[in-house]
Amino acid sequence: MITYAQAVISLVGEKFIGGPTDGPVQMFKFKDGTKPPTEEAIQAKLKELEKQYADNEYQRKRLEEYNAIGLGEQLDMIYHDMDKWKTRIKSIKDKFPKPE
């Protein structure tokens, strides 16, 4: 899940020093001279990051399935039977399709 702090960091980058995972922004520390982002900007960025996270759910699910096969098993399949490996990977991609 996306945190308030991630939205702040996304807005100010390396100017962020630290703070809690959740607001308010007044609790965060920034490098000298850095103007903290507005609450409005933080909320907009938070929504954007949450949408990205939701839109990429298929990637996280695919990765879980790929990892369930195991690297050694995948390498063995590639070495012995590339078509079998491609079929297995395609079944995962079909199970968790990329949104249009």
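**Exercise 1. Salt bridges and the helices that carry them**

Lys-61 and Glu-57 both lie in helix α3 (residues 57-69), four residues apart, or about one turn of the helix. The model is predicted.

Solution. 

Step 1. The side chains of Glu-65 and Lys-95 meet in a salt bridge of 3.1 Å, N to O. Glu-65 is partly exposed, at a relative accessible area of 26%.

**Exercise 2. A lysine in helix α2**

Task: determine which residue forms a salt bridge with Lys-45, and whether Lys-45 is buried or exposed.

Solution. 

Step 1. The partner is Glu-48; the closest N and O atoms are 3.3 Å apart.

Step 2. Both Lys-45 and Glu-48 lie in helix α2, with a spacing of three residues, about one turn of the helix.

Step 3. Lys-45 has a relative accessible area of 17% and is therefore buried, the cut-off being under 20%. Glu-48, at 38%, is partly exposed.

Step 4. Lys-45 is also in contact with Ser-10. Ser-10 lies in helix α1 (residues 4-12) and touches Leu-49 as well, when residues up to four places away in sequence are not counted. With a relative accessible area of 37%, Ser-10 is partly exposed.

Step 5. For a distance across the fold, take Ser-10 and Asn-56: the two are 46 residues apart in sequence and 18 Å apart in space, C-alpha to C-alpha.

**Exercise 3. The nonpolar cores**

Task: say how many residues the largest nonpolar core has and which element gives the largest share of this core.

Solution. 

Step 1. The largest nonpolar core has 13 residues. Those with the most contacts inside this core include Tyr-4, Val-8, Val-25 and Ile-42.

Step 2. The largest share, five residues, comes from α1.

Step 3. Val-25 illustrates the packing. Not counting residues up to four places away in sequence, Val-25 touches Tyr-4, Val-8, Phe-30, Pro-36, Pro-37 and Ile-42.

Step 4. Another core, of seven residues, lies apart from the largest one; among its members are Tyr-58, Tyr-66, Met-77 and Ile-92.

Step 5. As background, nonpolar side chains tend to be buried together in soluble globular proteins.

**Exercise 4. Aromatic rings**

Task: count the aromatic pairs, then classify the pairs of Phe-16 with Phe-28 and of Phe-16 with Phe-30.

Solution. 

Step 1. The count comes to three aromatic pairs.

Step 2. For Phe-16 and Phe-28, the ring centres are 5.7 Å apart and the planes stand at 50 degrees, so the pair is tilted. Phe-16 lies in strand β1 (residues 16-18) and Phe-28 in the loop between β1 and β2 (29-30), so parts 12 residues apart in sequence are tied together.

Step 3. Phe-16 counts as buried at 17% relative accessibility, and Phe-28 is buried at 6%.

Step 4. For Phe-16 and Phe-30, the centres are 6.1 Å apart and the planes at 75 degrees, so the pair is edge-to-face. Phe-30 lies in strand β2 and Phe-16 in strand β1, so this pair ties together parts 14 residues apart in sequence. Phe-30 is buried, as is Phe-16.

Step 5. Ring pairs link Tyr-4, Phe-16, Phe-28 and Phe-30 into a cluster.

Step 6. One further ring contact involves a charge: Arg-60 lies over the face of Tyr-53, at 3.6 Å from the ring centre.

Note on methods. Residues numbered from 1 in each chain as written. Predicted model: local features only at pLDDT ≥ 70, side-chain atom pairs only at ≥ 80, totals over all residues. Heavy atoms only, no water. Helix = DSSP H or I, 4+ residues; strand = E, 2+ residues; numbered from the N terminus. Buried < 20%, exposed > 50% of the residue type's maximum accessible area, 1.4 Å probe, protein only. Contact = heavy atoms within 4.5 Å. Core = buried A, V, L, I, M, F, W, Y, C linked by side-chain atoms within 4.5 Å. Salt bridge = Lys/Arg side-chain N within 4 Å of Asp/Glu carboxyl O. Phe/Tyr/Trp six-rings, centres within 6.5 Å; stacked < 30°, edge-to-face > 60°. Lys NZ or Arg CZ within 6 Å of the ring centre and 35° of its normal.
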